Amino acid sequence: MSSRPIDKFRRNTAVNLTLRFALIFVLCASALFATVDFLLARAQLQKDQQLISSFLESYQRLEQDAGLHKLELVIARDAPFFQRSEMYVELFDSNGNSLLLIQPEDWPGDALAGGAVHARDDEWYEVAFTDSKARVLMRQSRLSDGSRVNIGMSAAPRETELADSRALVLSVMVPLLCLGLLLTAYINWRALRPVHDLIDTVRSIKATDLKTRVRVRDPHSELGELAHLFNQMLSHIEQLITGMQHSLDAVAHDIRTPLARMRLSIESALSDPDEKALREALLDCAEESERIETMLRVLMDISEAESGILSLHPEPIDMQALVIETIDMYSHVAEDKGVSLNLEGDEAVSLVADRVRLRQVLGNLLDNAIKYSDPGCDIAIGWQQADGAVLLTVTDQGCGIAQADQSRVFDRLYRADKSRSEAGMGLGLSLVKAVVEAHRGTISLISEPGRGSQFRVSLPLTSGAA
Ligand code: ADP
């Protein structure tokens with residue numbers, strides 16, 4: 001039979017954990033059991049020692065007060081108790097002759113004679129029966145006239161009691177141990193279910209299908225959080241891959257047009273090879289290749305900004321100065337279009353950011369506002385400081401953006417249908433968003449078709465600082 005199921009079982013984390021818990025469980029239970037057993041044995045031994053000692057003390061007093069003969073009578077009177085309790089009592093006179101021997105009836109007459117003696121301490125010793133494993137705990141006491149009395153007690157009742165206690169403890173402990181193991185196995189299996197969900201999901205993911213998500217069983221646990229983060233990562237990857245596919249399609253589409261135009265110019269120049277036609281064809285080609293180059297450069301900038309590798313050069317910037325500088329660059333375009341640019345800012349606002357990139361952000365927003373406004377419209381550029389951030393707004397009274405397009409205008413190469421007549425590549429707002437986010441800022445849009453749009457950029461005061 002194949003050993004694979006066994007290997008799989010051995011590699012299973014839940015099984016491994018359960019076995020380790022089982023080992024710890026058994027070790028702890030054994031240590032507990034050994035301690036309880038030791039304490040019980042000691043308590044029983046002490047109880048027997050106390051009984052023997054109390055007899056010896058009372059016999060010593062009796063012999064002192066009433067003499068050896070009286071003691072002999074009393075011991076004989078107590079004989080039934082000693083026999084019942086498996087006790088041994090022997091009285092010797094001062095010459096060492098045995099005067100009286102009391103022991104259980106079932107003990108052989110010379111049970112202890114010649115038995116091995118094992119001293120426990122100065123006072124106590126154990127005598128083993130000559131013909132069996134039974135032992136007797138003994139103590140000897142010298143009396144005032146030189147006589148002595150030995151009292152012993154069989155270890156058998158103590159050992160029986162101890163064996164009963166052990167059986168009781170084991171009968172409770174073993175089922176508890178089994179129950180504990182079953183519970184541990186169940187808890188481990190339950191705790192590791194999210195990990196198996198994760199494994200199943202990862203196995204089922206294909207490059208072309210990133211739709212599968214991990215089931216989040218308990219969102220408040222670490223594994224629930226891991227599943228949630230993993231799902232977030234999948235969504236992010238899916239979004240990136242979809243975005244890349246769209247960008248690739250759009251780039252292919254947008255590059256195909258200028259390339260086709262270049263080919264047409266070249267072909268028509270070749271069919272009519274006079275100098276003027278050749279010059280025009282070359283000029284067209286230079287224009288189209290510049291357009292392709294610009295598009296690729298902006299796409300690279302966006303990718304760098306989005307992936308966090310765009311290098312920023314933060315420096316203190318006076319907002320008013322930056323806005324005026326940028327407006328100067330667009331004043332001719334605005335004038336040609338017949339729109340007016342108005343400043344609505346708080347003079348004292350400054351922030352730390354990359355000057356070139358920030359000018360690019362404002363320039364793109366301004367360029368769009370002019371491009372999509374009709375002659376005679378006003379464009380307002382505002383800036384103010386609020387809640388530790390600088391809020392920059394560009395408001396126009398242009399054609400506005402349809403609700404359906406508002407969420408897509410920040411996508412790469414996206415252009416609303418109405419804008420097709422205007423020059424542009426559909427990359428301006430993507431670059432603006434990527435640069436703003438690289439500065440840890442946000443951009444939002446409020447727009448009403450036919451009435452105008454407002455782009456709101458919020459940048460932390462030290463947004464560009466490392
Ligand atoms: P484009 O080069 O087409 O202007 P952008 O990325 O700058 O590319 O803008 C994307 C689209 O968003 C534009 O094609 C246009 O449809 C819309 N848009 C951007 N700014 C404005 C605006 N101020 N008013 C109306 N539409 C706008």
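Predicted model: local features only at pLDDT ≥ 70, side-chain atom pairs only at ≥ 80, totals over all residues.
Trainee: What radius of gyration does the protein chain have, against that of a compact globule of 466 residues?
Mentor: The C-alpha atoms fill a box of roughly 155 × 65 × 35 Å along the principal axes. Of the 466 residues, 21% count as buried. A compact globule of 466 residues would have a radius of gyration near 23 Å, whereas the protein chain has 50 Å.

Trainee: Which strands are the edge strands of the open sheet of 6 strands?
Mentor: The strand order in this sheet is β2-β1-β6-β5-β4-β3, with antiparallel pairing. Neighbouring strands are turned against each other by 20 degrees on average, direction ignored. An edge strand here pairs on one side only, and the edge strands are β2 (98–102) and β3 (117–119).

Trainee: What is the bridge partner of glutamine 140 in β6?
Mentor: Strand β5 covers residues 135–142 and runs antiparallel to β6, residues 148–154. The two strands are joined by 7 bridges. For glutamine 140, the partner in β6 is asparagine 150.

Trainee: Which helix lies across β4, β5 and β6?
Mentor: The helix in question spans residues 13–66 and runs at about 160 degrees to β6. It lies across β4 (124–128) as well as β5 and β6, and it is helix α2.

Trainee: How do the residues of the contact of α9 with α11 divide into nonpolar, polar and charged?
Mentor: Helix α9 (residues 355–371) and helix α11 (residues 428–438) pack at an angle of about 145 degrees, with axes 9 Å apart, and their crossing is left-handed. The contact includes Arg357, Val361 and Leu365 of α9, together with Leu429, Val432 and Val436 of α11. The division is 7 nonpolar, 4 polar and 2 charged.

Trainee: Why is leucine 322 counted as partly exposed?
Mentor: Leucine 322 lies in helix α8 (residues 319–337). A residue is buried if 20 or more other C-beta atoms lie within 10 Å of its own, and exposed if 12 or fewer do. Leucine 322 falls in between because its number of other C-beta atoms within 10 Å is 19.

Trainee: How far apart in space are leucine 322 and leucine 358?
Mentor: Leucine 322 touches Ile317, Arg355, Leu358 and Arg359, not counting residues up to four places away in sequence. Leucine 322 and leucine 358 are 36 residues apart in sequence, and their C-alpha to C-alpha distance is 8.4 Å.

Conventions. Residues numbered from 1 in each chain as written. Rg over C-alpha atoms; globule rule 2.2 N^0.38 Å. Pairing = 2+ DSSP bridges. Helix = DSSP H or I, 4+ residues; strand = E, 2+ residues; numbered from the N terminus. Axes fitted to C-alpha atoms, helices over the stretch in contact; angles between N-to-C directions. Contact = placed C-beta atoms within 7 Å. Left-handed = near helix turned anticlockwise from the far one by under 90°. Nonpolar A, V, L, I, M, F, W, Y, C, P; charged D, E, K, R; others polar.
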